[in-house]
Amino acid sequence: MAVRIKTLNLVYIALFAVLIAICSWLAIPTIVPITLQTLAVYLTVSLLGWKRGLAAICVYILLGLVGVPVFSGFRAGMGVLAGPTGGYIIGFIFLALIMGAIIHCFGNGKMILFIAMLLGTIVCYAFGTMWYLLVYAQTTEPVGWLTALSLCVFPFILPDILKMLLAIFISKRLLPYIKN
């Protein structure tokens, strides 16, 4: 029985790492392309919990790091993670930890999930924006906070809120079918 549970956990982790990759490839073409990557991250943590969810996110990042084209635009490698927007990908780890901690402490009601996703996203935005400011300043020229926020955060706020609501809707329907 224990082997079956461990195998099932590995399958879930792999499946959700692939889901994140597929959703990172699906982009809504706008001035700044909007991917469904964060939707997959929200679903991963909502459905798997913080441990398995975090493991799936780390597998996704490691796949990209070793050259599997799992990042948006079918990109991969250390250059993506070390680049100006790589901090947002690394920020998914913090998003998962915060979401998972809130869900673990307060349950997974709809409002709790929304708050957990929102707070996790704010931390992901903060980490990614600081990363962007540091890397962009080293490779091009320093930019101000407002410029960085207007490029990297403001265009994504409304789409991410919509993705949160969609993730809550989907996770509430799928959660009874996920084995814990």
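Val 45, Ser 46, Leu 48, Gly 49, Trp 50, Lys 51, Arg 52, Gly 100, Ile 103 and His 104 line the second largest pocket of this predicted model. A pocket here is an open set of points on a 1 Å grid over the protein atoms alone, where a 1.4 Å probe fits, with protein on both sides within 12 Å along at least five of seven lines; lining residues have an atom within 4 Å of a point. The model is predicted, and totals for linings use all residues, while local features need pLDDT of at least 70 and side-chain atom pairs count only at pLDDT 80 or more. Numbering runs from 1 along each chain as its sequence is written, and side-chain values use heavy atoms, with hydrogens and water left out.

The second largest pocket comes in at about 170 Å³, volume being the space filled by probe spheres set on grid points joined across faces, edges and corners. H2 and H4 each give two or more residues to its lining, with H2 giving the most, seven. By class, that lining splits into four nonpolar, four polar (Gly included) and two charged (Asp, Glu, Lys, Arg) residues; nonpolar covers Ala, Val, Leu, Ile, Met, Phe, Trp, Tyr, Cys and Pro, and polar takes the others.

The largest pocket holds about 600 Å³ of space. It is lined by 26 residues, with Pro 33, Thr 35, Gln 37, Ser 72 and Phe 156 the closest to its centre. Elements giving two or more residues to this lining include H1 (2-25), E2 (34-35), H2 (37-65) and H4 (86-106), where helices (H or I, at least four residues) and strands (E, at least two) are DSSP runs numbered from the N terminus. H4 supplies the largest share, four residues. The lining of the largest pocket has 15 nonpolar, eight polar and three charged residues.
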